[in-house]
Amino acid sequence: MSLKAFLPELTLVGFLSALFLLDGFVPKLRENRFPLVWVMVSCLGAALATKAASNLTGPFFNGMVLSNGLSTFFRYFFFFSCGATAYLTLSSKEIDSRGRSEFSILLLCLTFGLSLMALSNHFLMLYIGIETVSIISFVLAGFSRESLRSNEASFKYLVYGAVSSGLMIFGISLIYGYTGTLAYPQIAEALVKNNGAHPYVFYLALFLVYAGFAYKISSFPFHFWTPDVYEGAPTPVATFFSVGPKAAGFGALLHFILTALSQKDGNGQWTMIPGIQLAPILAVLSATTMVVGNLSAIAQTNVKRILAFSSIAHVGYVLMGFVVMTPAAFSSIIFYLIVYCAMNLGAFWVVGIVTDLQGNDDVSSFRGLGWNMPFLGVCMAIFLFSLTGIPLFSGFIGKFLLFGALIQVPGYLWLALLGVLNSVVSLYYYMKILKAMWLERPEGEVKALRLPLTQIVGLLGLAVPTIVLGLFFSPVLELAQKWVAQ
Amino acid sequence: MAELVPIAILLGISLLLCSGILLVTQILGPKNPVPAKLGTYECGVKPEGGAHIPFKSSFYLIAVLFLLFDVEAAFFLPWALVYKESLSEGPALLWAMLIYMGLMAVGLIYILRKKILRLT
């Protein structure tokens, strides 16, 4: 039973081991793009296995890992984003033939770690998942070994990672002292029994544990690494970092809050265990995260840094869904993650193409690109409009659902209003990129390039959902509701 | 709240002690900055060359691999202890260990093929 429910991850590990052996015995394979194609095939295989295993719900491996609808969603999400990252790396110049197999191997390992993290039902499993993801992330961030910026990114990531996982494991030890167990369901039982005794210890422990989550989702006050790492890491790596580990952090946080801190009553509603007040704390964290992200983005001139701060702001929006514990809020979180995946992957993809073309990723290198490469310019416009949350694009629906779920519960109107105001602020820095692309003249000679067919197909594959989900979103939303209810 | 008072007192005393010692050394300590004193301390010998040089670290990988396979061996012992009892519930534990050993074998083959153990 346990191994059957773990089939998607086992499939991934099988493909991964095969890639290890193939790379060891046939060194020529790295000359062409075989390893990356292999990653896409493995993600496809793992997604099929997810479909096969999706009806096996409940805890397995002695309660270490939890499989439910949310797990199914997060597995699909990770396998898709990993496959998409491999696809966009096909034509990247930053990951060349010297590092292609290692990159592919690390990407698959990372995806495995993400899956473990989001499925964990036990603090030990969670910690192992987070460390698996972190250690591989450090290597990937420093993947361009000749580039000083990349090395710096890796080192900064390592230092922040060490601090936050140290804090987290201290928090876990406090929780162990408070409840006498590390398994989420037993923690919930012990919390019911403790009935809110010694709140200082408990909230201190929760805050320290949140340090680990916040580092992974890059929420305030553990977001400082994000811009430096995204800027320094090779663009395909930054692309994956902005989607995969973030979603894994949200998955782990969702499982933790739903299994360890709340109870499910008969009609599918979750309520916090009596004596625990998380909503105001999460509301403040959400508000500060989006304000800090948006205000810091305004002054940036590097597109990757802008997108990094924008991703922090988006984390703030998603955290709004955690404030109200309704199924509607959870399904809108899932919907938002899907939409965010499409538009953010797309935006980073365009940045990757421009970086390969111009040699740097400042806003100035985007000047005039819209007129020279209209397809690229239009795609970037779609992604950025959607990230802003302008109506007709899917980002609007995502935000609309989140704000809508939030104002159902009295007392949090201010947070929703702050979210709307922040969207207005974000318009400024997204438009800065679009202004450079369409309204400014390039300096010196005009560089343009005919995009290869793979790039066009890939960008269309992300731009079309970004628009379609803004107009015709109910099937995906219903799917999200099904996953939440399961 | 009352039970937290001793902790608060401890925190206060340690803060006072730390800042006090730092402050006293700042005020009373003799300040005599000579070049030898400000330079890098290298076991008493005059420092030579820059600190940011690439150096060969071929044994580092061996150390990492040793750690890895050492931990692997540590996993076998508790497994061997519970293996016999678990057989009554089916061969799941056997499969789990076989998968684990297979993964380790893949890693070992990769290491050998990449010639990491060859130090020259």
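**Two chains of a predicted model**

**Figure 1. Charged side chains in chain A.** Chain A carries 26 positive and 20 negative side chains, and the centres of these two sets lie 4 Å apart. Lys and Arg count as positive and Asp and Glu as negative, while His and the chain ends are not counted. Each charge is placed at NZ of Lys, CZ of Arg, CG of Asp or CD of Glu. The model is predicted: local features need pLDDT of at least 70 and side-chain atom pairs count only at pLDDT 80 or more, while totals for chains, interfaces and linings use all residues. Residues are numbered from 1 along each chain as its sequence is written, chains are lettered from A and ligands numbered from 1 in the order in which they are written, and side-chain values use heavy atoms, without hydrogens and water.

**Figure 2. The fold of chain A.** Chain A has 20 helices and 4 strands (DSSP runs, H or I of at least four residues for helices and E of at least two for strands, numbered from the N terminus). Its radius of gyration is 22 Å, close to the 23 Å that the globule rule gives for 486 residues, so chain A is as compact as a globular protein of that length. This radius is taken over C-alpha atoms, and the rule is 2.2 Å times the number of residues to the power 0.38. Of the 486 residues, 60% are buried (under 20% relative accessible area, with a 1.4 Å probe and protein chains only).

**Figure 3. The helices of chain B.** Chain B has 4 helices and 0 strands, in the order α-α-α-α along the sequence. Its radius of gyration is 28 Å, whereas a compact globule of 120 residues would have one near 14 Å. The C-alpha atoms of chain B fill a box of roughly 75 × 60 × 15 Å along the principal axes. Buried residues make up 7% of the 120 in chain B.

**Figure 4. Charged side chains in chain B.** Chain B has 9 positive and 7 negative side chains, with the centres of the two sets 19 Å apart.

**Figure 5. Where chain B meets chain A.** Here 11 residues of chain B are in contact with 14 residues of chain A (heavy atoms within 4.5 Å). The two chains bury about 1100 Å² between them, and carbon and sulfur atoms give 74% of this area. Val106(B), Tyr110(B) and Arg113(B) supply 45% of the area that chain B buries against chain A, more than any other three residues. Buried area is the accessible area (1.4 Å probe) that two parts lose on being put together, summed over both.

Note on methods. Buried < 20%, exposed > 50% of the residue type's maximum accessible area, 1.4 Å probe, protein only.
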